[in-house]
Amino acid sequence: MTEKNMVKGFMALLVATVLIIYLTGHENKVDADEEYAALVSEINEILHDERLDGALAGVSIRKADTGEQIYDHFGDTRLIPASNMKLFTAAAAFEMLGEDYRFTTEIHTDGVIKGKMLQGNLYLKGKGDPTLLQEDFEKLAHELKKQGIQKIKGDLIGDDTWYDKVRLSEDITWQDEVYYYGAQVSALTASPNSDYDAGSLIIEVNPGGTVGEEPKVSLTPETDYVSIVNKAKTVTADQEKTVSISREHGTNQIVIEGNMPIDGTRKREWIAVDEPSGYALDLFENALLAEGIEWAGKYSMKMGETPANSTLLLEQQSMTLSELSIPFMKLSNNGHGEVLVKEMGRIVEGEGSWEAGLDVMENVAGTFGVNTDTILLRDGSGMSHVNLIPTNEISQLLFGIRSKEWFNSYVNALPVAGNAERLVGGTLRNRMKETAAQQNVKAKTGSLTAVSALSGYATTKDEESLIFSIIINNDLASVTAIEDAIALAIAEYSEE
């Protein structure tokens with residue numbers, strides 16, 4: 001071996017030795033009382049699971065009453081949090097907007113009502129409400145008719161200028177934006193049902209009447225804002241169901257392909273529309289026509305800005321933020337996270353943009369003791385693979401908010417382990433059933449490709465409340481059982 005190669009070999013060995021010492025010394029920075037030694041030992045054993053080979057797990061546990069840290073496994077390592085990002089979004093929204101905050105939708109005119117005729121344009125001004133359903137547009141149309149309007153001589157104009165024109169956060173992929181979980185964000189939008197997946201509609205495919213026919217397709221809500229291209233066919237009962245539903249990128253053309261067995265069960269998909277402002281405006285036009293309100297002559301339906309000197313005819317208010325936080329957190333509604341970011345930007349900074357809203361979120365997190373120098377926020381939902389937060393900062397957030405008057409609403413919005421009721425158990429309703437964690441653990445889940453997370457609150461057998469945060473990155477196996485085991489270890493822990 002040459003001297004040069006000997007030096008290279010020595011340096012490689014030195015680097016490897018230093019790395020081993022670093023990882024060993026930093027694996028578990030715990031400065032806890034003896035009372036937690038058994039819990040620390042159990043969690044260490046859980047983290048030796050072979051499913052974590054090649055993955056990186058960050059775990060942080062604190063006392064809920066004092067914030068004292070009792071467990072730290074790579075807790076300062078920045079990791080992709082997935083939907084644990086919503087913990088930050090919800091906290092900032094409660095702090096800056098308030099529990100009773102409501103979104104509004106307004107109907108304006110730049111004309112006057114003469115007899116039964118509105119002489120002037122009718123404006124539908126959206127101000128961010130993600131909960132507008134078809135029935136809400138029908139209610140608005142009914143209220144307009146009650147004001148005496150039966151005909152309109154003017155245009156129907158949608159106004160989405162409350163937010164900027166950027167429809168997608170910067171890390172959304174082409175594949176994601178076709179489906180409800182990556183829907184475009186607009187100040188004027190609509191939802192298909194009471195899950196409030198704004199900017200999307202539900203496509204349902206059922207078998208045709210006979211073999212060889214096209215399957216039957218229905219939309220919720222009914223709208224001609226999208227077009228259906230049905231390439232699927234109904235096949236014999238012994239054939240496999242291969243139906244797929246998607247939207248061509250950059251269009252509102254929904255394509256249905258594959259086979260639907262004659263006795264097959266329905267196929268449903270929540271598809272995001274392109275430009276949801278027009279979708280909402282289309283539903284409003286349909287509601288007006290269904291109410292018997294007609295146009296006098298030709299009219300156009302378009303986007304524009306409500307004049308400053310217009311007359312407010314109607315105002316529709318959403319549910320409160322406390323109520324909205326239930327589908328947002330329990331069902332992990334991505335659209336709500338992004339709307340809240342833009343709304344905070346608009347209300348606090350006067351700019352309905354991701355940039356302004358994320359600045360608000362970061363500043364608020366700092367007031368809860370979070371070290372904002374070590375976090376990177378890119379959206380409000382956690383869809384981005386570029387978000388970075390250490391578990392120690394998540395547990396600090398969950399401690400820092402405990403003194404807030406809105407804290408009970410916040411915790412009430414978290415999924416509850418093992419509770420089968422959908423809007424109580426949420427994304428934890430099928431996890432930790434029939435264990436000490438059931439009805440005990442209240443925590444936010446998170447899931448992306450190669451990312452899993454669980455952070456929240458759990459009570460020990462001694463009735464002590466602990467805060468925990470678990471994020472696992474680079475996993476190639478299902479690791480939710482590991483998260484559940486850690487949460488259960490906390491729930492079962494006792495000093496005795």
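Modeller: Helices (H or I, at least four residues) and strands (E, at least two) are DSSP runs, numbered from the N terminus. This is a predicted model, in which local features need pLDDT of at least 70 and side-chain atom pairs count only at pLDDT 80 or more, while totals for chains, interfaces and linings use all residues. Residues are numbered from 1 along each chain as its sequence is written, and side-chain values use heavy atoms, leaving out hydrogens and water.

Colleague: How much space lies in the largest pocket?

Modeller: On a 1 Å grid over the protein atoms alone, a pocket is an open set of points with protein on both sides within 12 Å along at least five of seven lines, a cavity is a set where a 1.4 Å probe fits but cannot get out, and lining residues have an atom within 4 Å of a point. Points are joined across faces, edges and corners, and a volume is the space filled by probe spheres set on them. Here the largest pocket holds about 680 Å³ of space, and of the 40 residues that line it, Tyr 180, Tyr 181, Leu 331, Ser 332 and Asn 334 are the closest to its centre.

Colleague: Which elements give two or more residues to that lining, and which gives the most?

Modeller: Helix H7 (334-349), strand E20 (442-448), strand E21 (451-459) and helix H12 (480-492) each give two or more, with E20 giving the most, 5 residues. By class (Ala, Val, Leu, Ile, Met, Phe, Trp, Tyr, Cys and Pro nonpolar; Asp, Glu, Lys and Arg charged; the others, Gly among them, polar), the pocket lining divides into 14 nonpolar, 15 polar and 11 charged residues.

Colleague: What does the search of the whole structure find for cavities?

Modeller: The search finds 1 cavity of 30 Å³ or more, and the largest cavity contains about 60 Å³ of space. Its lining consists of Ala 183, Gln 184, Val 185, Ser 186, Thr 189, Ala 198, Gly 335 and Val 339, that is, 4 nonpolar, 4 polar and no charged residues.

Colleague: What is the order of the open sheet of 5 strands?

Modeller: Two strands pair if DSSP finds at least two bridges between them. The order is E2-E1-E22-E21-E20, with antiparallel pairing, and strand E2 (69-73) and E20 are the edge strands, each pairing on one side only. Strand E1 (residues 56-63) is joined to E2 by 4 bridges, and Ile 61 has Tyr 71 in E2 as its bridge partner.

Colleague: Which strands stand at the edges of the 3-stranded sheet?

Modeller: The order in that open sheet is E10-E9-E16, again with antiparallel pairing. Strand E10 (216-220) and strand E16 (267-272) stand at its edges, each with a single partner strand, so one side of each has no neighbour in the sheet. Strand E9 (residues 200-206) is joined to E10 by 5 bridges, and Ile 202 stands opposite Thr 220 in E10.

Colleague: At what angle do the axes of H2 and H12 cross?

Modeller: Two packed helices are described by the angle between their axes and the distance between the axes. Axes are lines fitted to C-alpha atoms, for helices over the stretch in contact, and angles run from 0 to 180 degrees between N-to-C directions. The axes of H2 and H12 come within 10 Å and cross at roughly 170 degrees, which makes H2 roughly antiparallel to H12 (the term for angles over 145 degrees). Contact means heavy atoms within 4.5 Å, and Leu 39, Glu 42, Ile 43 and Ile 46 in H2 meet Ile 482, Ala 485, Ile 486, Ala 489 and Ile 490 in H12. By class, this contact has 8 nonpolar, no polar and 1 charged residues.

Terms used:
Parallel < 35°, antiparallel > 145°, perpendicular 65-115°, else oblique.
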